[in-house]
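Hi everyone, thanks for coming.

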Amino acid sequence: MKRLWTAAALLIALLGFTLFHSFYLSRFSNELTTILHEAEAKAESGHWENAQDLTNTAWNKWHSHDAYLHVLLRHSETDEIYIGFREVAEFIQCEEAGEYSAANARLIAQLELLSEAEQLTLKNIL
């Protein structure tokens with residue numbers, strides 16, 4: 001009987017951690033996408049320096065969670081987001097509006113898909 005309770009406790013702990021991770025990553029990626037949308041608006045109005053500051057803010061937030069993200073997510077996904085941030089930063093420096101918008105949209109989509117992939121849904125389980 002003791003084994004049954006131990007197994008049940010482990011399953012409940014794993015479920016709790018999974019739900020926490022899903023909620024945390026969703027909140028975190030929403031925060032980053034909001035900042036990147038703001039940067040897009042600044043760039044569209046010609047305020048490239050503000051767009052760069054906002055993008056740097058998003059990058060710093062991403063980078064400050066680097067250990068957590070690399071431990072719990074696939075490295076290929078985190079690497080793609082890292083590349084996306086570098087690409088967006090380069091287009092901001094060059095003030096290339098079309099390329100920046102496309103790269104920023106791709107980065108936002110990657111962050112949204114990352115969050116979606118970690119949600120506890122039937123689609124992700126099957």
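Before we start, one cut-off: a residue counts as exposed when its relative accessible area is over 50%, and as buried when that value is under 20%. Please also keep in mind that this is a predicted model.

With that cut-off, let's take leucine 122, which sits in helix α6. Its relative accessible area is 61%, so leucine 122 is exposed.

Now over to α4, residues 75-94. This helix has 20 residues and covers 29 Å from first C-alpha to last, close to the 28 Å expected at 1.5 Å a residue. Which of its residues are buried? Here they are: Thr78, Ile81, Gly84, Phe85, Val88 and Ile92. If you look down the axis of α4, these buried residues fall within an arc of 110°, so they line one face of the helix. As a reminder, an α-helix has 3.6 residues a turn, so residues three or four places apart point the same way.

What does the buried face of α4 pack against? Four helices: α1 (2-44), α2 (48-64), α3 (66-72) and α5 (97-117). On the other side of α4, Arg86 and Gln93 are exposed.

One last stop, just past the end of α4: glutamate 95 has a positive phi of about 55°. Thanks, and I'm happy to take questions!

Definitions and conventions: Residues numbered from 1 in each chain as written. Predicted model: local features only at pLDDT ≥ 70, side-chain atom pairs only at ≥ 80, totals over all residues. Heavy atoms only, no water. Helix = DSSP H or I, 4+ residues; strand = E, 2+ residues; numbered from the N terminus. Expected span 1.5 Å × (residues − 1). Buried < 20%, exposed > 50% of the residue type's maximum accessible area, 1.4 Å probe, protein only. Arc of directions from axis to C-beta. Contact = heavy atoms within 4.5 Å.
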